[in-house]
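Subject: Structure handover

Hello,

Here is the structure for you to look over. My notes follow it.

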Amino acid sequence: MAAEGLSNIWLPYTQMRTAPMPQTAKRTEGSVIELADGRRLIDGIASWWTACHGYNHPHIHDAVSRQLREMPHVMFGGLVHAPALDLASRLARLLPGDLERVFFTDSGSVAVEVAIKMAVQYWINKGQRGRTRLLSFRGGYHGDTLGTMAICDPEEGMHAMFAGALPEQILADLPDDDASFTALDKIIADHRHELAAIVVEPLVQGAGGMVFHAPETLRRLRTLADRYGLLLILDEIFTGFGRTGSMFACEQASIVPDIITLSKALTGGTMALAATVARRHVFEAFSSDDPRHALMHGPTFMANPLACAAANASLDLFEREPRLDQVATIGDQMRHELAPCRALPCVRDVRVMGAIGVVQLTEIENLNALKAAFLKENVWVRPFRDIVYLTPALTISRDELSQLTTAIHRVLR
């Protein structure tokens with residue numbers, strides 16, 4: 001019966017007329033995806049960077065099972081519940097500075113939408129109605145909803161066709177030296193009275209090509225935001241929860257954003273959940289006797305108890321198990337085992353940060369053929385643009401990771 005449903009499915013980022021037949025997953029365990037035909041694939045990307053503890057971790061499984069018996073869902077309007085309250089307080093303790101007010105949603109795109117809404121309404125509530133635009137960066141990706149598409153690079157973010165249908169935001173080059181910071185300073189100075197916030201992915205621009213930048217870049221963006229009185233939004237949907245080598249990427253720059261967005265690995269890849277977390281001064285701009293100053297947003301499945309239970313269990317594992325040490329070990333192994341790719345004529349660059357390994361090619365002529373070649377190697381690796389990358393589970397074994405890196409070298413060679 002399942003095969004019949006293929007004629008009814010609409011797949012993401014896929015030209016359905018020409019795309020090859022998708023694989024059918026049957027079960028998962030650890031870093032392995034088992035297909036319906038019996039093949040076992042080593043997953044090199046942790047299901048779009050979410051399954052940080054591997055698949056089917058028993059601690060998360062047990063927590064969700066208990067919550068399912070007690071209360072799968074209840075509306076978050078006028079009601080609260082222990083899983084959400086516990087998770088909010090734990091996130092506030094983990095995050096730097098006074099990032100303490102947690103607004104739950106159910107996807108990363110919506111978390112960024114809420115961050116945009118918070119930033120714009122922050123200024124409206126303070127009596128400054130002209131500050132409605134966002135400054136973001138080329139190569140950036142923040143989601144697929146209409147609001148988030150507007151702050152993505154139109155080419156890197158796959159949204160060029162929507163030009164003219166989206167609010168016009170301000171796009172700049174991500175600075176990396178004194179000259180480019182001076183240029184950015186001028187852009188901000190020219191638009192300071194209409195800007196609400198700066199939005200950036202810290203340390204790694206993910207879907208834009210896994211482009212890395214230094215912590216110093218974040219420190220200088222914080223300085224510019226303070227100089228011109230702007231809010232700084234860090235999109236840590238990809239980088240949060242250990243992926244770059246610290247629990248949150250902003251910790252490596254020793255800065256505190258005004259708003260941070262989290263999702264992906266928040267629940268260990270188990271349930272859909274996201275969070276937009278604001279500092280105290282942002283929240284206080286919404287605190288008023290005037291009901292119009294309230295944040296008017298409320299997803300139906302906001303703070304879903306099952307998802308919050310999964311996220312609390314995931315945080316337990318970060319406390320109990322040596323995840324950041326595992327990230328360092330994975331990074332060392334990828335540096336060593338991906339290094340031979342540098343000698344291949346099709347390779348432009350090899351780079352590693354935390355548990356992110358990237359082999360950048362001169363070009364990818366046939367993306368579907370490359371994906372099929374990895375499938376023949378019994379690995380689940382999904383190249384895009386001009387890169388082949390690994391973001392494995394933080395619990396992946398040394399042998400499993402070697403299967404991935406060996407497959408990459410063999411296929412590219």
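**Salt bridges and what surrounds them**

Arg219 is partly exposed at 33% relative accessibility. In these notes, buried means under 20% relative accessible area, exposed means over 50%, and partly exposed is in between (1.4 Å probe, protein chains only). This is a predicted model: local features need pLDDT of at least 70, side-chain atom pairs count only at pLDDT 80 or more, and totals for chains, interfaces and linings use all residues. Residues are numbered from 1 along each chain as its sequence is written, and side-chain values use heavy atoms, with hydrogens and water left out.

Arg219 forms a salt bridge with Glu216, and their closest N and O atoms are 2.9 Å apart. A salt bridge here is a side-chain nitrogen of Lys or Arg within 4 Å of a carboxyl oxygen of Asp or Glu. Both residues sit in helix α7 (residues 215–227), three residues apart, so about one helical turn separates them. Helices (H or I, at least four residues) and strands (E, at least two) are DSSP runs, numbered from the N terminus. Glu216 is partly exposed, at 38%.

Helix α10 (residues 323–338) holds another pair, Asp332 and Arg335, three residues apart and thus about one helical turn from each other. Their side chains meet in a salt bridge at 3.3 Å, N to O. Arg335 is partly exposed, with 43% relative accessibility.

How many salt bridges does a search of the whole structure find? The search gives 24. One of them joins the side chains of Asp98 and Arg279, at 2.6 Å from N to O. Asp98 counts as buried, at 15% relative accessibility. Arg279 is partly exposed, at 21%. Salt bridges with shared partners join Asp98, Arg222, Asp226, Asp258 and Arg279 into one network.

**The sheet and its helices**

Seven strands make an open sheet with mixed pairing, in the order β4-β12-β11-β10-β7-β5-β6. Two strands pair if DSSP finds at least two bridges between them. Axes are lines fitted to C-alpha atoms, for helices over the stretch in contact, and angles run from 0 to 180 degrees between N-to-C directions.

Strand β5 (residues 133–137) pairs with β6 in the parallel sense, over three bridges. Leu135 has Ile170 in β6 as its bridge partner. Helix α4 (residues 108–125) packs on the sheet and touches β4, β5, β7 (195–200), β10 (231–235), β11 and β12. Its direction makes about 25 degrees with that of β12. Contact means heavy atoms within 4.5 Å.

Helix α3 (residues 82–94) lies across β4, β11 (259–262) and β12 (274–279), and runs at about 135 degrees to β4. Arg90 is found in helix α3. Arg90 is buried, at 13% relative accessibility. Leaving aside neighbours within four places in sequence, Arg90 is in contact with Asn312, Leu315, Asp316 and Glu319.

Strands β2 (residues 32–35) and β3 (residues 40–43) run antiparallel and are joined by three bridges. Val32 has Ile42 in β3 as its bridge partner. The two strands form a hairpin with four residues between them, and Gly38 in the turn has a positive phi of about 100 degrees. β3 also pairs with strand β15 (residues 379–380), in the parallel sense over two bridges. Asp43 stands opposite Trp380 in β15.

**Backbone points to check**

Tyr13 has a phi near 50 degrees, a positive value in a residue other than glycine. Tyr13 lies in the segment before β1 (25–29). Tyr13 is exposed, at 53% relative accessible area. Trp48 also is not a glycine and has a positive phi, of about 55 degrees. Trp48 is found in helix α1 (residues 46–49).

Regards
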